[in-house]
Amino acid sequence: MSECTHLQSIKSIRAPLMLECEDCVKIGGSWVHLRTCQACGGTRCCDQSPNQHARKHALSTPHPVIASAQPGERWLYCFPDEAFLEY
Ligand SMILES: [Zn+2]
Ligand SMILES: [Zn+2]
Ligand SMILES: [Zn+2]
């Protein structure tokens with residue numbers, strides 16, 4: 001079992017407002033998959049994407065948890081604890 005308390009504190013899942021990486025859009029980058037920050041609702045790109053904006057956001061802010069923004073995927077991930085949870 002993980003020691004992550006961040007995932008346990010998530011009561012409802014924030015859905016993506018836009019299906020694009022807001023940071024890639026600014027720099028003209030591209031992405032593979034999208035993740036939505038569960039603290040601020042911002043959507044950014046995954047670890048398979050060249051810029052890994054979701055990871056950078058999570059590790060540079062007090063916003064550790066993302067949800068997959070991909071249709072049909074229902075899971076949460078905490079970056080600092082590397083904890084994964086399906087819902
Ligand atoms: Zn955590
Ligand atoms: Zn990005
Ligand atoms: Zn955030």
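A definition to begin with: donors are N, O and S atoms within 2.8 Å of the metal (3.2 Å for Na, K and Ca), and water is not among the atoms, so sites may look incomplete. This is a predicted model, in which local features need pLDDT of at least 70 and side-chain atom pairs count only at pLDDT 80 or more, while totals for chains, interfaces and linings use all residues. Residues are numbered from 1 along each chain as its sequence is written, chains are lettered from A and ligands numbered from 1 in the order in which they are written, and side-chain values use heavy atoms, with hydrogens and water left out.

Now the metal. Which residues coordinate the zinc ion (ligand 2)? They are Cys21 (SG), Cys24 (SG), Cys45 (SG) and His53 (ND1), at 2.0 to 2.3 Å. Along the chain, these donors have the spacing C-x2-C-x20-C-x7-H. Cys24 sits in helix α1 (residues 22-27) and His53 in helix α2 (residues 53-60), so the pair ties together parts 29 residues apart in sequence. Helices here are DSSP runs (H or I, at least four residues), and strands likewise (E, at least two), numbered from the N terminus.

Buried means under 20% relative accessible area, with a 1.4 Å probe and protein chains only. Cys24 is buried at 0%, and His53 is buried at 10%.

Next, Ser49, in the loop between β2 (43-45) and α2. Ser49 is buried too, at 3% relative accessibility. Its side chain reaches the backbone nitrogen of Val32 at 2.8 Å.

Terms used. Buried means under 20% relative accessible area, exposed over 50%, partly exposed in between (1.4 Å probe, protein chains only). A polar contact is a pair of N or O atoms within 3.5 Å; within protein, one must be able to donate a hydrogen and the other to accept it, and residues adjacent in sequence count only if both atoms are side-chain atoms.
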